[in-house]
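User: Please walk me through this model in short questions and answers.

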Amino acid sequence: MKHVIFPSNNFQYVGADISPFLINQNRKKYPNLTFYVADIVDGSEFLNIKMKNDNVSDLIFIRHLSWHLPVIDNLKMLKRLSKIGPKYIMLSTHLRADLNEASFIPALGHPTNLFRSPYCLKDPLLLLNDGGSDVFIGLWKMNDGIPLQNENCMGDLYRNVDYPY
C-alpha cells in the first residue's frame with residue numbers, strides 16, 4: 001500500500017481484506033481511501049463493493065492470497081472474480097510449484113502455481129518477478145468475465161525457464 005502511486009484524481013482505490021483489524025489500520029492510515037471488510041471466497045461483499053461504486057473495476061489486484069487458501073477456495077475465488085467482471089486481474093503465482101493440492105498450514109501458506117492443475121490459467125499478458133526466486137505477479141485480461149482457464153492445462157510454458165532472480 002505504501003508504494004502505490006495514484007496516476008490522477010480520476011483514480012479510485014478500494015481496498016478489501018478479510019481482517020477487520022487490518023481494514024481499521026488502513027482506514028486510520030489512509031483516511032482518503034475506501035476500505036471494506038470482505039471475504040472473496042465465501043462472501044458476497046465483493047459483489048456489493050462493485051455495486052456501491054457503481055462502476056466496473058478496471059483492475060483487481062490480489063497479492064499472495066492463493067498461498068493461504070486450499071484448492072477449493074482458490075477455485076471459488078477465481079469464479080467470483082469472473083462474476084465481478086473487472087477488465088484485468090493481477091494475481092500472485094509460483095512458477096515451479098508442482099503440488100497445488102498438498103497439505104499445508106494456512107497461516108504459513110504454500111507455493112501455488114496457477115498455471116498447473118487444477119487452476120490451469122492461460123498465459124498472462126505480463127509476468128513480473130515479485131522479489132523472490134519463484135514469486136511472480138501475473139496480469140490477465142478478463143474478456144468480459146470469460147474464465148481464464150486454458151483448455152489444455154499444460155502449465156509448462158514457464159516451468160523450465162531459468163530466471164536469474
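Analyst: Phe115 and Trp140 are both buried, where buried means under 20% relative accessible area, exposed over 50% and partly exposed in between (1.4 Å probe, protein chains only). This is a predicted model: local features need pLDDT of at least 70, side-chain atom pairs count only at pLDDT 80 or more, and totals for chains, interfaces and linings use all residues. Residues are numbered from 1 along each chain as its sequence is written, and side-chain values use heavy atoms, with hydrogens and water left out.

User: How many aromatic pairs does the structure hold?

Analyst: Rings of Phe, Tyr and Trp (its six-membered ring) pair if their centres lie within 6.5 Å; planes under 30 degrees apart count as stacked, over 60 as edge-to-face and the rest as tilted. By that rule the count of aromatic pairs is 1.

User: Is the pair of Phe115 and Trp140 stacked, edge-to-face or tilted?

Analyst: The ring centres of Phe115 and Trp140 are 6.1 Å apart. Their planes stand at 40°, so the pair is tilted.

User: Which residues of strand β3 are on its covered face?

Analyst: Strands (E, at least two residues) and helices (H or I, at least four) are DSSP runs, numbered from the N terminus. In a regular strand the side chains alternate between the two faces of the sheet. In β3 (residues 59-62), Leu59 and Phe61 are on the uncovered face; the covered face has Ile60 and Ile62.

User: Which residue in β4 stands opposite Ile60?

Analyst: Two strands pair if DSSP finds at least two bridges between them. β3 and β4 (residues 88-93) pair in the parallel sense over 4 bridges. Opposite Ile60 stands Ile89.
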